[in-house]
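Please look at the structure below. Some questions and answers about it follow.

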Amino acid sequence: MTFFTPKRTFLILLFPFVVYLLLGNASPLIDQDEAAYAGFARTMSESGDYLQIEFPYSTPHKKPPLHFWIISFLFQIFGTNEFVLRLFPSLCILGTSLLTYHLASVMFNSRTALYAFSILSFSLYFPLNGKIALVDSLLVFFGMLGFTSLHHFIRTEKWFYVCIFWFAVGLGVLAKGPPILIFLGGTGFLLLFFSKIRPTIWKLQPWFGLPLAILPILAWGYLSWQKDGGTLIRWMIDWYILRRATNPVFGQSGPPGTYFVLFVVTLFPWSRVYLSFLKEMFWRLVSHMNAKTIKDSIFSSFRNGILLPLSPRSYLMIGLVFSWVFYEFLSSKLPSYPLSAYPILSILLAEQLSKKHNQIYLYRLYLTTSLVMIFIITFLILPKFSDMRTETKKLAYTIQKSLEPNETLFSFGGLGIPSFAFYLHQPIKEIGFDEIMTIKGTILLTESDRLMLDSMGIKLEVLGEPISLYVYDRNKTLQLRLVRSNP
């Protein structure tokens, strides 16, 4: 009997995957998003105000509150540090990989499940989301939880899975708003085209389940509106719905097909399996386009129903429509948008690999390459990147020496460095040109802004020498000055 059975191999691989997710997670914060989330959570835990989402330099990173609530809770239990900050996202990525293994096992067999787990967990991009405290880790976990429970409900019609489905939707909305509604709602809508399962889909009772699922975010929105007069909610609707649907965010845009190409890189070293899958899908599409039986429009198909049974592959392909294809047509192209597609795509690629006559040889080759890549990332690349992120920490300690305890530091010029604000751990107030002429206190600004103000006759007392700060998220070096204003 072979020792390395698929199930044993899965358990063996689970250990290095967990180690990879947790190792090195005490490194300095990453600007922008992660540092902002850490600041939101710490502000909540220190103030006791869980409706307030405020932190210096962090306005563009405001989100619905679930992620911040969880981090704040963990901060209060385990202390405020980088490892605790990243703990729950790491667990979410681990949970997503386990759900992927489970769903592939139910749909196919233990060998395909092992392949799916390996492709997802030991690819270039996906596991890195467990090493940075972004809200996308929560979103992909809740999305996969809902997608898996929906598949179980279609097979068994047990009400337990309906509860899990709407529970996942509710938490996903409270974590990031509409994306989980797009993914799971769009998937449910497309499943209605299959006449044999249409009665089952209606048993989800969306007219009851959806209002119940969004009740938590509506309650939070109501309380937040009462607190600030609707400022935060109106801003979120504009920034996360209206603007992102029509305009690029943070200058990251691309044509349709951007993610189609990006997956070749992010799925490395399993990219060849991805290309093989695309090739097969292309020829299947060509054969379907030439088939005489496809005559009806999409509307008549909905009316009459697709009579073919819903195969596991069909279910997975439907899941890709609103976890991947939908985002190809948005002008904004952030790498995390199609994150929910990775688990589904991993199962499809695993099924593709399992059909190869030399599948075991290919799997061992790709897995060995993956483990070597993980080793290089863990012990060579990430430590170097960690050293690069220590500069804002050093800047905070340097400036603390020039400030009194609890003294407010004024920031001029939109510096945009939330990790510095987190490590400084003193009040920071961002000011504009009108305020700089009236305030009294210590100001942090760039050397170029200081020279501009000096040329305009606004004299400021210089404190110390210029401080160089490399901001890697913008790939530039800021020359900062600490000055004192005494109007």
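Contact means heavy atoms within 4.5 Å. This is a predicted model, in which local features need pLDDT of at least 70 and side-chain atom pairs count only at pLDDT 80 or more, while totals for chains, interfaces and linings use all residues. Residues are numbered from 1 along each chain as its sequence is written, and side-chain values use heavy atoms, with hydrogens and water left out.

Q: Which residues does Leu345 touch, not counting residues up to four places away in sequence?
A: Leu345 is among the residues with the most contacts inside the largest nonpolar core. A nonpolar core is a set of buried Ala, Val, Leu, Ile, Met, Phe, Trp, Tyr and Cys residues joined through side-chain atoms within 4.5 Å; buried means under 20% relative accessible area, exposed over 50%, and partly exposed in between (1.4 Å probe, protein chains only). Leaving out residues up to four places away in sequence, Leu345 touches Phe263, Leu267, Tyr274, Phe277, Leu320 and Trp324.

Q: How are H3 and H4 oriented to each other?
A: Helices are DSSP runs (H or I, at least four residues), numbered from the N terminus. Axes are lines fitted to C-alpha atoms, for helices over the stretch in contact, and angles run from 0 to 180 degrees between N-to-C directions. The angle between helix H3 (residues 66-78) and helix H4 (residues 82-107) is about 130°. Angles under 35 degrees count as roughly parallel, over 145 as roughly antiparallel, 65 to 115 as roughly perpendicular and the rest as oblique, so H3 and H4 are oblique.

Q: How are H1 and H5 oriented to each other?
A: The axes of helix H1 (residues 6-22) and helix H5 (residues 110-121) come within 9 Å. They cross at roughly 15°. H1 and H5 are therefore roughly parallel.

Q: Where is Gln32 found?
A: The peptide bond from Asp31 to Gln32 is cis, with omega near 5°. Most peptide bonds are trans. Gln32 is found in the loop between H1 and helix H2 (33-47).

Q: Is Tyr57 buried or exposed?
A: Tyr57 lies in the loop between H2 and H3. Its phi is positive, about 65°, although Tyr57 is not a glycine. With a relative accessible area of 5%, Tyr57 is buried.

Q: What does Gln205 count as at 31% relative accessibility?
A: Gln205 lies in the loop between helix H9 (198-202) and helix H10 (206-213). Gln205 has a positive phi of about 50°. At 31% relative accessibility, Gln205 counts as partly exposed.

Note on methods
Helix = DSSP H or I, 4+ residues; strand = E, 2+ residues; numbered from the N terminus.
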